[in-house]
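Trainee: Before we look at anything, could you show me how to read a fold step by step, giving the general idea each time and then the case at hand?

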Amino acid sequence: MQAIKEKTITLTVNGDSYALSVPVNRTLLQVIREDLGLTGTKEGCGEGDCGACTVLLDGKPVNSCLVLAVEADGREITTVEGLAKDGKLHPLQQAFIDEGAVQCGFCTPGMLLAAKGLLDENPSPTEAEIRQGIAGNLCRCTGYVRIIKAIQKAAMVMREEKEAAS
């Protein structure tokens, strides 16, 4: 029986750099939660079906349960802990609270990051584009009406903030 090999990788997570020695079969989700202690990223199905483990990898939403940590070597990761800046909630986080979209909260981190990935690419999505953008994220509490309203509200706030800054 061969021992599982380890590899040293570097990750930038929420702006902080980490050098880690990880078994080559360890998922990015396991490293984020267990090695870095960032437990905001949730493990749901473990098969990439529910989206609870969504993080941004170089700005694109991915299911961290399906990405090996070694595949993320040298790349930039954003977790839900990285959304708020200087003690101020990200507009998406605030909109989820304002619109009552948090519900039980288990899917919320993945929803927030899927929505951030969408809004970073498309600041003015239609409702259909929002539905498509969060299609890989399941909410088992209720429907998606409040979540979609929150994303629409955050999009508006983010556009207004961008206009005010220019």
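Trainee: In what order do the strands of the open sheet stand, and what is the pairing?

Mentor: Strands and helices here are DSSP runs numbered from the N terminus (E, at least two residues, for a strand; H or I, at least four, for a helix), and two strands pair if DSSP finds at least two bridges between them. In this case five strands form an open sheet in the order S2-S1-S5-S3-S4, with mixed pairing. Strand S2 (16-23) and S4 are at the edges with a single partner strand each, so one side of each lacks a neighbour in the sheet. Neighbouring strands of this sheet are turned against each other by 40° on average, direction ignored; for such angles, axes are lines fitted to C-alpha atoms, for helices over the stretch in contact, and the angles run from 0 to 180 degrees between N-to-C directions.

Trainee: What should I keep in mind about the model and its numbering?

Mentor: This is a predicted model, in which local features need pLDDT of at least 70 and side-chain atom pairs count only at pLDDT 80 or more, while totals for chains, interfaces and linings use all residues. Residues are numbered from 1 along each chain as its sequence is written, and side-chain values use heavy atoms, with hydrogens and water left out.

Trainee: How many bridges join strand S1 to S2, and in which sense do the two run?

Mentor: Strand S1 (residues 6-13) and S2 run antiparallel and are joined by eight bridges. Glu-6 stands opposite Pro-23 in S2, and the bridge partner of Thr-10 is Ala-19. The two strands form a hairpin with two residues between them, and Asn-14 in the turn has a positive phi of about 55°. S1 also pairs with S5, but here the strands run parallel and two bridges join them; Val-13 stands opposite Ile-77 in S5.

Trainee: Which strands pair with S3, and where do its side chains point?

Mentor: In a regular strand the side chains alternate between the two faces of the sheet. In strand S3 (residues 54-57), Thr-54 and Leu-56 point one way and Val-55 and Leu-57 the other, and all are buried, where buried means under 20% relative accessible area, exposed over 50% and partly exposed in between (1.4 Å probe, protein chains only). S3 pairs with strand S4 (residues 60-63) in the antiparallel sense over four bridges, and Thr-54 stands opposite Asn-63 in S4. In the hairpin of S3 and S4, with two residues between the strands, Asp-58 takes a positive phi near 50°. S3 and strand S5 (residues 76-78) are likewise antiparallel, over two bridges, and Leu-56 stands opposite Thr-78 in S5.

Trainee: Is helix H3 mostly covered or mostly uncovered, and what lies around it?

Mentor: Helix H3 (residues 108-121) has 14 residues and reaches 20 Å from its first C-alpha to its last, close to the 20 Å expected at 1.5 Å a residue; the expected span is 1.5 Å times one less than the number of residues. H3 is mostly covered, with 12 of its 14 residues buried. What covers these buried residues includes S3, S4, S5, helix H2 (91-98), helix H4 (127-133) and helix H5 (145-165). H3 lies across S3, S4 and S5 and runs at about 35° to S3. For contact, the criterion is heavy atoms within 4.5 Å.

Trainee: Where does Thr-41 lie?

Mentor: Thr-41 is in the loop between H1 and S3, and because its relative accessibility is 1%, Thr-41 counts as buried. Among the residues that Thr-41 touches are Leu-29, Cys-53 and Val-80, not counting residues up to four places away in sequence.
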